[in-house]
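Work through the exercises below with the sequence and the structure side by side, and try each task before reading its solution.

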Amino acid sequence: MKGDQELQVIVQQAKEPIPTDQDEKSSVSGSQTKVSHSTYKRWLRMAVYTFFVISGQSVATILGRLYYDNGGNSKWLATVVQVVGFPILLPYYLLSVKTHTTTHRDGKITSLRNRALVYIVLGLLVVAACYLYSIGLLYLPVSTLSLICASQLAFTAFFSYLLNSQKLTPIILNSLFLLTISSTLLAFNSEESNSKKVTKEEYVKGFICTVGASAGFGLLLSLQQLAFRKVLKKQTFSEVMDLIIYMSLVASCVSVVGLFASSEWKTLSNEMENYKLGKVSYVMNLVWTAVTWQVFSIGGTGLIFELSSLFSNAISALGLPVVPILALIIFHDKMNGLKVISMILAIWGFVSYIYQQYLDEENLKKSHGIPTTESPDPPEAEGSSEQSK
């Protein structure tokens, strides 16, 4: 009887399929297919977000210049349209919050007072930076303005060093030097805007305000990182969107108060009546300026969540050559030798900055034992990663 039972066990084991090397390879290839599919989807999202950042920023800058060139003169109104379009983000927020899930939960809940303080401080900083940017856009040619704005990367790295303990490597220092020289060269540019006469004092005022706006946006980005790390304690999709929406709400309220406090609102009716392209074009210019700035915000938010805030800032600087080219075509801005040299130095500094970010990502992957390239033999790759540990 015992022998019959043993025989039945042997027969059952013989009937069970024995996993072969081909089955193991097929399962591994199936998992690799899923990973590569998710990777492609992630790269597609990043490409879309990058397009939103570059196109939104470029079109909004051109529309802002069109406003001034055709009779617009309200700096506070130009500030309002940069921040007041944030309700457009609400449908995107509601549709995307279901797909952006996270398993991270922090046991500590940020108090409402600290959260409100973060929103108010950052909102005030947004208003200040946007107002300075509006002044620079009023007095400077668009091509000059965009080249000066490239210094935002340098300010971001500097404030990240002070507030977030970012390391200043030789490559980052090279990037800071090149971006600083690129902006400084434009201080000696005596070019006037083609549409209106700008005095030397107004040019200097526009230059200083644009540099101040770049510094403000660089400080804003570093403070956002500090807020996520010290106050909000996490960087989930909902936290990023909450920060942007409430920060924009504060900025919108303050900028509207500034519009009425400065009495510029009294001139808006005459401004619309005398607008060179007509009343409809006046309204459409303001509406689409607000929309395109929020398209820029959607792209920047997506890049922040997919990668990092620093990468989002770097991508916004990637649109550096786009605005001068559009300004050359639309406004016939002159591209003199000084601007060409400034553009080359700015692009060089941008490439150095991006290369340092690439090195940091590679080092981070190596420290966590993540293979940086796909190996044709997965088991060997896994073994090598275990040996590296």
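Predicted model: local features only at pLDDT ≥ 70, side-chain atom pairs only at ≥ 80, totals over all residues.

**Exercise 1.** Find how many salt bridges the model holds.

*Solution.* A pair qualifies when a side-chain nitrogen of Lys or Arg lies within 4 Å of a carboxyl oxygen of Asp or Glu. Applied to the model, this rule gives a count of 3 salt bridges.

**Exercise 2.** Describe where R65 and D69 lie and whether they are buried or exposed.

*Solution.* Begin with the contact itself, in which the closest N and O atoms of R65 and D69 are 3.1 Å apart, and the two residues form a salt bridge. Finally, turn to accessibility, where R65 and D69 are both buried.

**Exercise 3.** Which parts does the salt bridge between R115 and E239 tie together?

*Solution.* First, the side chains of R115 and E239 meet in a salt bridge with an N to O distance of 3.0 Å. Because R115 lies in helix α5 (residues 112-139) and E239 in helix α10 (residues 237-261), the pair ties together parts that are 124 residues apart in sequence. As a last step, compare each residue with the cut-off for buried, which is under 20% relative accessible area: R115, at 18%, is buried, and E239, at 6%, is buried as well.

**Exercise 4.** Determine whether K279, which forms a salt bridge with E273, is buried, partly exposed or exposed.

*Solution.* The side chains of E273 and K279 meet at 2.9 Å, N to O. The relative accessible area of K279 is 42%, so K279 is partly exposed.

Note on methods:
Residues numbered from 1 in each chain as written. Heavy atoms only, no water. Buried < 20%, exposed > 50% of the residue type's maximum accessible area, 1.4 Å probe, protein only. Helix = DSSP H or I, 4+ residues; strand = E, 2+ residues; numbered from the N terminus.
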